Structure formats: structure tokens, C-alpha cells
Amino acid sequence: MSLSMHPAQPAPRPDDRRFGALRDPRAFVRVFLGVFFRDVESFYPACRIEAVTAPTIGLDESSVRSRPSGGMDFRLVEETSDARSGGVAVSLFGSWYRIIPEGPMGLGDEDVQMLRAMGAVLDLNYQILFRRSRMSILQLLRGMPEDHYIAARLEPSAYGPSADAPSRVAEAILTLRTMALATYENRRVTTGVLILGAESDEPEPGSRPAPVDAPGFGVDLTSLKSLHRLCDGRRTLFLVDRDGRLSDVVDVRQWVRRHRVDKGEESGLDVPCARMYEAHARATREWGHVCLVLSPHQEIKVFAGGAQTFAFGHGRWRVLDPASKFALWRDAVADERLARVLFQTALELSEERQGGLLVVVPDPDLVTGRLIAPEDVLDFESEEVPAPVVSTSPSLHDLDDDWTAILGAGRRGEPLSKRTIHYLAAGRSLLTMDPSVVEALASLDGALAVDGEGRLLAFGAILRHDVPASGAGPRVPSRDVAEGARTTAAMVASRFGPVLKISEDGVVSCFLDGDRVWDL
């Protein structure tokens, strides 16, 4: 082995001319573009990405070239010349690309903010790579890249140019991911954390400051087995202060009650939320608080801004944006009270992992005998059958036949059927029924159908799948009726009115005019 006797040369600085070839390496451009496109497809699998020029989106080429670039030069333009597509344009390394959604909803405000967060994280990676940031690259390598996108959306300051500390949200997500892999006493771990926002310097009501040597809420705490049962995520949460330290364990409902009394807020939520997590949503209505929960279904729920904004399940993150989706559903139903009741019912069934189908039929006469079988309609009256005559000295066989006819649907020898209990719900409105009763009816196999005013038409109804698409069409003979999957039933039923479909995997879908318009 030979050793060089020449003095060591000083390390090249980023502004050194000899280092210029590495300041803008073309080899890295394709890598960053590939990562961005891959991650956009992960969050928005129905989007299409195409290359465009600056004039196409209404920008002057000279102004684009004259803008200095200190990194990826990430920019986002919401209004393009093709505004009807609902897409946005982004600039990466001086080139422009348009992201066009394939669905009917387009990209909402929450989606645009999410794309900005993705650009901020990738730009920070670029800055760290070329030593233009004080943050260590190891901090961005902890956890999955998608976790940092979520964290950047909820805590933008942690991914800004001057950031030098890891994101509290990203650390909490990684901690919950680690806990999801563990069991305690042969049971899955459930937990949750409430991260206090940095938008207010005032101390929170009922909170106490954490000691200086308090541990940070991170993966290291998962080695404490007792931590797995210290809070369950539904009633109790860990409280993390603005420095990322574990400061307290709180009852989320009591914490919200103290917070609301001091601030004089009302308890209502603008967007419906599953009742089990209403307090979690209320806890994040102001000051930038963020709540994360590891549910019994091993799903990570993220609450911010008074609603559940993100969910991690089945191996991927989903941008929920419940405000936009509820607004679209409310407009389709045209009755806000009824829309809220049905939306709330769908969320409760989703949380319990129960399937269901909720159908709003503005014109009940149009669907009876076509979409819904007449015997499934609550107020349907079958032809009268003479009452059975019981002889004075009946045999045991005769008595069995007589009581079967009395307890059945009026036909001799017919067994007990669902029509026997139709009187329990006939003539009732969903707007006056107890929510738990509505959820019980909606959880039965089949569809729950109501008219435009909330009057209950049918529950547990097996919908016909091969009715004509138009409103005026011949009735389908019963022998031609085919029963299929819940999704097929939802698509057909949506031609007569708005439909919510709840899958057993917890996804709520909205169908309008034969198309799926959103998934929640």
C-alpha cells in the first residue's frame, strides 16, 4: 500500500467552479422526476401526467428562464388553459408537466396542498444532497417517503429551507407504524397521539409543561411494553408538546371539553365524522393541532382542521378530503339533513367494517317493480288471502298449516319472511329515527332505500341489476333478474338517485348517474 505525500486538498465548496458539474447533475434529474411521478401515482392512481410548455399554461417563456433556481425549481400553477380538466401544472428543473385527474371531481384544494407538500419534501432532499440545508439526510430517510409528504402537509415548517429538526408528525407516524407490528398479551396494539400545534404560544387549558428531561415521542419509546396499554387511542391519547416531548396522557373528550369551554366553541363539526372519533376531530379544529390514531383495524387515522384528512391502510396512504366529498354528496341529495344522516351512517358502518348500500330515490314510483322488487317495498300491499278456517277438532297437521298461514305473509304454507317485520319501519323517516336503529337497518344484507324527504322505502332489499339505464323503460321480468356484487348494484341504482356504498374493507364510495365519483 502506498501513501501520498502531497498535502491534503481542501474540500470543494458548493460555489467552487470545479464543483459546478455536480451542482446541476443531469444524472439526478431523471431520478427526482421518477420519484415525483411515482409518488403522485401512489396518492392519485387515476391521474395522468403529461409534459407541456410554459405558454400552454399561460406563462411567458422569458419570465420562466429569468427566474433563478436554487434547487428543483418546484412551482405549481392551479389555473391552466385547460381549466375544465381540473388539473394543475408543476415545474420541475425548469420543465413543466400537467397533472390531470381522470375522475369527475378533479383535484381539490386539499389535493393541491398535498402536491405542494410533495414538492417541498423533494426540494429539501435536493438541498440536503448539495449541502444547502442544515438538516441531515438521515432524518428524511427515517420512515417511508409517503410519511414525510403527509408530515409536510400538516407541519410545513419542518420541511422549510431553515428546518434543522425532524418533523414531530413524521416521528409519530413512524412510531405508530412500529407499534402496529407488535402485540401485547396476544392482542393488537392500539394507541394515539395529540400533537400540539405551533400556531399559538398560549398554553393549552388543563395541560402541564413537560420536564426538561422528558423523552421525545419516537420509536425508542416502543421498547417500553407498558406503553402499549397506557393509552388506547380511542379514549386516551399521548400529548406531545411543541418541542416534540411526551408531556401527558389525556382523556380526549375531557381535553376537548376544557378546550371548548375556554374558547367558547360549539361542539358541532362542519363535516360528519365517525362518532368514536368526533372528539379527535374537534381537538384539531384550531391552533394547528394534529391527532394520529392507530385503530383496532391497524389503520393509521390522521385528524387535522376538524376532520379526518388522511388514512393509511392496505399498504398505502389515502387523501380523504371529506369536506369536498360531503359537499358533492349533499348537493346530489338536495336535503342537507338527510345527506348528513346517510353520510354519518356510512361512516359508522365503515368503522365497524360492515358492508352496506344506501340509496336515495327521488321518485319511488319509478323504482318499484323495476329496481326494487314490490315485496321488498315497505308499504306494498299484496292481494288479500282469506283467513284460514280452523276446524273444531283439527288434526296436528292442520294446526301447523293454519298457524303457518297466520304468521306468514298471508299465503297458506308460506314461512316467516322479512315482510313479517316490515311494520317496524313502515311509514317512518330516517330524520326521526335513532342513529343506531338506522345503522342496524343499513347493515342488513341488501340496500336501504329512502325517498328525497327521508321516508324509508325498503331495507335489506336485493336490487335488480339489469334495469334499463333511462328512466322510461319496460319493466324487467322477474325471471330475467340477476343478483350480483354490491358495486354492480350501486352503479345501477345510481341511475335513479345518489348512492353510497360501504365496503367491508372500510372504504365508502359515492355513485352518481352510473359512475363512481369518489372513494373515502
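**Entry: strand β15**

I looked up which residue of β15 is bridged to Val361, and the partner is Asp451. This is a predicted model, so I kept the confidence values at hand for later entries. The bridge belongs to a parallel pairing between strand β14 (residues 356-361) and β15, which runs over 4 bridges.

On its other pairing, β15 is joined to strand β16 (residues 456-461) in the antiparallel sense, over 3 bridges. There I found Ala447 opposite Ala461 of β16. The hairpin formed by β15 and β16 has 4 residues between the strands, and Gly454 in it takes a positive phi near 95°.

How many residues of β15 are buried? I count what the model gives for residues 447-451: 5 of 5. I then sorted them by side. Ala447, Ala449 and Asp451 lie on one side, Leu448 and Val450 on the other, and both faces are covered. In general, side chains in a regular strand alternate between the two faces of the sheet.

**Entry: salt bridges**

I noted a count of 21 salt bridges. I went through a few of them.

Arg38 and Asp39 meet through their side chains, at 2.9 Å from N to O. Are the two partners buried or exposed? Arg38 is partly exposed at a relative accessible area of 46%, whereas Asp39 is buried at 0%.

Asp243 is bridged to Arg245, with 3.3 Å between the closest N and O atoms. Asp243 counts as exposed, at 59% relative accessibility.

Glu278 and Arg282 form another salt bridge, with their closest N and O atoms 3.3 Å apart. Glu278 is partly exposed, with a relative accessible area of 22%. Elsewhere, a network of salt bridges with shared partners joins Arg234, Glu299, Lys301, Arg318, Glu351 and Arg353.

**Entry: Glu299**

I followed one member of that network. Where is Glu299 placed? I found Glu299 in the loop between β10 (290-294) and β11 (300-304). Glu299 counts as buried because its relative accessible area is 7%, and the cut-off is under 20%.

The side chain of Glu299 makes a polar contact of 2.9 Å with the side chain of Lys301. Setting aside neighbours within four places in sequence, I listed the contacts of Glu299 as Val293, Leu294, Ala311, Phe312, Arg318 and Arg353. Arg318 and Arg353 are also named in the salt-bridge network.

I checked backbone angles next. Most residues other than glycine have a negative phi.

His314 is not a glycine, yet has a positive phi of about 55°. I located His314 in the loop between β12 (307-313) and β13 (316-319). His314 is exposed, with 65% relative accessibility.

Asp513, also not a glycine, has a positive phi of about 55°. Asp513 is in the loop between β18 (508-512) and β19 (515-519). Its relative accessible area is 65%, so Asp513 counts as exposed.

**Entry: the whole chain**

I then took down the totals. The protein chain holds 16 helices and 19 strands. Of its 520 residues, 48% are buried. The accessible surface comes to about 26500 Å², and carbon and sulfur atoms account for 52% of that.

Among contacts with a separation of 6 or more, 60% are between residues 24 or more positions apart.

**Entry: confidence**

How far does the predictor trust this model? The average pLDDT of the chain is 77, and 74% of the residues score at least 70.

I marked two stretches. Over residues 1-22, pLDDT stays under 50, and the model has 9 contacts beyond four places in sequence for them. Over residues 469-484, pLDDT also stays under 50, and there the model has 25 such contacts. Where pLDDT is low, the predicted coordinates should not be read in detail. I left both stretches at that.

Key: Residues numbered from 1 in each chain as written. Predicted model: local features only at pLDDT ≥ 70, side-chain atom pairs only at ≥ 80, totals over all residues. Heavy atoms only, no water. Helix = DSSP H or I, 4+ residues; strand = E, 2+ residues; numbered from the N terminus. Buried < 20%, exposed > 50% of the residue type's maximum accessible area, 1.4 Å probe, protein only. Contact = heavy atoms within 4.5 Å. Areas by Shrake-Rupley, 256 points an atom, 1.4 Å probe, with all protein chains shown as cover. Salt bridge = Lys/Arg side-chain N within 4 Å of Asp/Glu carboxyl O. Pairing = 2+ DSSP bridges. Polar contact = N/O pair within 3.5 Å; in protein donor to acceptor, adjacent residues only side chain to side chain. pLDDT = per-residue confidence, 0-100.
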